[in-house]
Amino acid sequence: MGRGRVELKRIENKINRQVTFAKRRNGLLKKAYELSVLCDAEVALIIFSNRGKLYEFCSSSSISKTLERYHRCSYSNLEAGQSSTDSQNSYQEYTKLKARVEVLQQSQRHILGEDLGQLNIKELEQLERQLDSSLRQIRSRRTQNILDQLSDLQQKEQSLLEINRSLKIKLDENYVAYQTHWDTGEQNIQFRHRPAQPQEFFQPLQCNSTMPNRYNQAPWDNIESSTQNATGVLPGWML
């Protein structure tokens with residue numbers, strides 16, 4: 001009679017669980033070794049117990065090299081698949097952008113008046129309305145720019161007028177101060193060069209007192225004697 005099939009589920013008995021773990025662990029390590037020897041394969045086996053203890057097997061010299069090889073293979077395949085997906089998305093985006101550019105170039109040629117033969121009446125009317133709207137916007141923008149420039153020029157004019165007014169006030173103040181200083185200096189110069197006035201308009205002559213009296217009185221005595229001798233009366237101009 002054959003052995004019955006064992007149901008795969010967690011062993012509740014702790015001792016039985018530990019015994020089963022040890023047996024199956026050894027059997028798994030043995031199978032890995034046999035596989036590496038018989039088939040010349042690079043095998044790496046890592047086992048952690050429920051207590052966190054590590055058990056490992058590697059057919060190569062180092063398990064780290066095997067893990068690096070595993071990462072290179074796994075991520076290279078992932079990156080290859082990702083790059084393929086990215087390339088496909090990029091091509092689709094390129095196709096959309098190329099179609100959009102062609103539409104814009106065709107619209108530009110229509111606005112410039114080129115390639116209009118393939119347009120029907122409805123499309124031509126739509127193009128005319130678009131051009132009229134664009135022209136109104138351009139004129140409105142130009143008018144706004146002119147008004148803005150005019151406003152700026154008016155502000156500059158007001159600023160220059162204020163500067164001119166302040167400079168004129170400063171010039172007038174400097175002129176008044178200079179005129180006052182000039183008048184004061186002129187008065188000082190006139191007062192400094194004015195000649196001294198004499199106390200009396202006429203000054204008595206200084207005669208030499210040492211001269212003989214005959215020179216001072218003789219003529220008048222002679223005149224008086226001659227006048228009296230001639231008429232006996234003094235003339236009017238002598239009175």
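This is a predicted model: local features need pLDDT of at least 70, side-chain atom pairs count only at pLDDT 80 or more; totals for chains, interfaces and linings use all residues.
**Figure 1. Salt bridge between Arg10 and Glu12.** The side chains of Arg10 and Glu12 meet with an N to O distance of 3.4 Å. Arg10 and Glu12 are both exposed.

**Figure 2. Salt bridge between Glu42 and Arg69.** The closest N and O atoms of Glu42 and Arg69 are 2.4 Å apart. Glu42 has a relative accessible area of 35% and is partly exposed. Arg69 also counts as partly exposed, at 45% relative accessibility.

**Figure 3. Salt bridge between Arg165 and Glu162.** The N to O distance between the side chains of Arg165 and Glu162 is 3.0 Å. Arg165 and Glu162 are both in helix 3 (residues 121–193); because they are three residues apart there, about one helical turn separates them. The relative accessible area of Arg165 is 44%, which makes this residue partly exposed. Glu162 is likewise partly exposed, with a relative accessible area of 47%.

Definitions and conventions: Residues are numbered from 1 along each chain as its sequence is written. Side-chain values use heavy atoms; hydrogens and water are left out. A salt bridge is a side-chain nitrogen of Lys or Arg within 4 Å of a carboxyl oxygen of Asp or Glu. Buried means under 20% relative accessible area, exposed over 50%, partly exposed in between (1.4 Å probe, protein chains only). Helices (H or I, at least four residues) and strands (E, at least two) are DSSP runs, numbered from the N terminus.
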